[in-house]
Amino acid sequence: MLGPFVRARVSGLLIRGATIVDARGERSGDVRVRDGRIVEVGDVRSEADERVLAANGWFLTPGLIDCHIHLCHQAGPDPRVIAGKTDTQLATEAAEAARRTLHAGVTTARDCGGRGFVETQLRDAIRAGTVEGPRLLTSGHPIVRRGGHMSYYARQIDGPEDAHAAAREQIAGGVDWLKVAATGGVTTPNVDPRRAELTEEEIRAVVDEGRRAGRPAAAHAHGGDGIRNALEAGVRSIEHGTYADDDMIRFMVQHGVFLVPTLIATRAMIDAGTAKGVPEYAVKKAAEIDGERRKSFARCVARGVKIAMGTDAGTPFNPHGENARELELMVEAGMTPAQALEASTVTAAKLLGLEGEFGLIEEGYAADLLVISKNPLDDTIVFRRDLQAVVRSGRVIRT
Ligand SMILES: [Zn+2]
């Protein structure tokens with residue numbers, strides 16, 4: 001009975017006794033939170049009007065940032081089912097997916113393509129506090145070549161002029177980003193991940209519209225020509241990046257273009273296979289590119305490309321709420337746990353234009369925090385196995 005009354009008087013939160021682990025390293029310190037922000041880190045004396053979370057022997061990391069999810073897709077065997085759903089269905093499913101994503105420790109996410117601006121309106125509902133979920137940045141409909149990858153729900157275009165119109169439509173719909181398909185992909189039949197789809201001119205038209213509106217562009221790109229087109233056109237991130245060669249990697253380093261690897265996406269489809277209903281063409285293409293993806297990822301890591309974590313959650317058997325599996329795959333493919341944490345916090349924040357405010361545990365940063373009972377620098381599996389609490393904007397979501 002006293003619960004709500006007591007809580008109403010409590011204005012802050014003190015997380016006590018944990019070892020802080022972020023991209024700046026490991027250190028001990030209490031963390032005081034007020035109005036959704038970290039206001040003090042160190043040896044902090046508790047005050048009367050704050051809730052104390054005792055975390056002795058536990059670890060405190062920044063909330064994870066997933067730079068590539070699809071809240072309108074629900075990880076069934078064939079994403080083309082999206083075409084048969086009403087907006088109401090998409091919205092209710094997406095809201096549940098957002099809740100699961102937050103409870104899995106993802107406190108900020110970029111949605112890389114939905115339908116009907118459902119994910120963009122969900123972003124606003126989360127911001128208003130009516131729906132529980134991560135802070136979202138959205139990109140509306142993917143912009144693709146007519147008949148190309150994701151054409152069953154994307155905005156299909158014919159030529160640069162139409163690309164301008166398509167970008168303006170997304171911006172008018174309230175998006176934060178623009179998403180283009182520079183090559184074919186795995187989950188669409190009759191397209192080839194190794195072949196370019198949109199032309200450089202078409203992508204440039206989208207990038208230019210975005211630039212004038214302050215919306216950066218992200219490019220789905222597997223094959224070399226498609227990656228090159230997207231880079232020349234000026235996108236800020238390459239999604240997947242399967243066949244990035246030395247020249248492309250050099251370009252990415254020089255121009256500060258990010259790679260969002262999404263290693264889990266093909267792995268999930270291969271593991272499920274046709275036995276679980278994934279279409280044969282998708283399993284076949286996933287198997288063809290999976291090894292190349294991991295090799296290209298390792299090359300990018302070695303050469304110093306900025307890597308931002310992304311899962312492609314929502315694609316077949318890659319469910320919302322399992323996002324942290326991507327860190328395990330990044331480590332398996334050559335990163336240290338510390339690098340995987342950096343990719344999932346500060347570097348991801350940088351890609352999303354949130355640097356200086358998100359991704360570290362320091363005074364002035366947003367109080368997006370994870371309390372974990374084991375050290376993530378020993379094994380990143382602890383994000384899935386040993387997560388004890390998620391703090392989002394200073395509010396304890398799960399204990
Ligand atoms: Zn995607």
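Q: Is strand S4 (residues 30-34) mostly covered or mostly open, and how many of its residues are buried?

A: Strand S4 is mostly covered, with five of its five residues buried. This is a predicted model, in which local features need pLDDT of at least 70 and side-chain atom pairs count only at pLDDT 80 or more, while totals for chains, interfaces and linings use all residues. Residues are numbered from 1 along each chain as its sequence is written, and side-chain values use heavy atoms, with hydrogens and water left out. Buried means under 20% relative accessible area, exposed over 50%, and partly exposed in between, with a 1.4 Å probe and protein chains only; strands (E, at least two residues) and helices (H or I, at least four) are DSSP runs numbered from the N terminus.

Q: Which way do the S4 side chains point?

A: Asp 30, Arg 32 and Arg 34 point one way from S4, Val 31 and Val 33 point the other way, and all are buried.

Q: And which strands does S4 pair with?

A: Strand S1 (residues 12-16) pairs with S4 in the antiparallel sense over four bridges, and Ile 15 has Val 31 as its bridge partner in S4. S4 is also joined by five bridges to strand S5 (residues 37-42), again antiparallel, with Arg 34 standing opposite Arg 37 in S5. Two strands count as paired if DSSP finds at least two bridges between them.

Q: What does the turn between S4 and S5 look like?

A: S4 and S5 form a hairpin with two residues between them, and Asp 35 in that turn has a positive phi of about 50 degrees.

Q: Switching to the metal, what holds the zinc ion?

A: The protein donors are His 68 (NE2), His 70 (NE2) and Asp 312 (OD), lying 2.1 Å from the zinc ion. Donors here are N, O and S atoms within 2.8 Å of the metal (3.2 Å for Na, K and Ca), and water is not among the atoms, so sites may look incomplete.

Q: How are those donors spaced in sequence?

A: The spacing is H-x1-H-x241-D. His 70 lies in the loop between strand S8 (64-69) and helix H2 (87-103), whereas Asp 312 lies in the loop between strand S17 (306-307) and helix H10 (325-332), so the pair ties together parts that are 242 residues apart in sequence.

Q: Are His 70 and Asp 312 buried or exposed?

A: His 70 is buried, with a relative accessible area of 4%, and Asp 312 is buried as well, at 8%.

Q: What about helix H7 (residues 246-255), which residues are buried there?

A: Met 248, Ile 249, Phe 251 and Met 252 are buried in H7. Seen down the axis of H7, the buried residues fall within an arc of 160 degrees, so they line one face of the helix; the arc is that of the directions from the helix axis to the C-beta atoms.

Q: What do they pack against, and what is on the other face?

A: The buried residues of H7 pack against helix H6 (224-233), strand S15 (237-240), strand S16 (258-260) and helix H9 (280-303), where contact means heavy atoms within 4.5 Å. The face of H7 turned away from its buried side carries the exposed residues Asp 247 and Gln 254.

Q: Now the six-stranded sheet: what is the strand order?

A: The six strands form an open sheet in the order S3-S2-S7-S18-S19-S20, and the pairing is mixed. Strand S3 (25-28) and strand S20 (395-398) stand at the edges, each with a single partner strand, so one side of each is left without a neighbour in the sheet.

Q: Where is Thr 61, and what does it touch?

A: Thr 61 lies in strand S7 and counts as buried at 0% relative accessibility. Among the residues it touches are Val 21, Leu 341, Ile 361 and Phe 383, not counting residues up to four places away in sequence.

Q: Last one: how do the strands of the S8-S9-S10 sheet pair?

A: Those three strands form an open sheet in that order, with parallel pairing. Three bridges join strand S9 (residues 106-111) to S10, and Thr 108 has Arg 135 as its bridge partner in S10.
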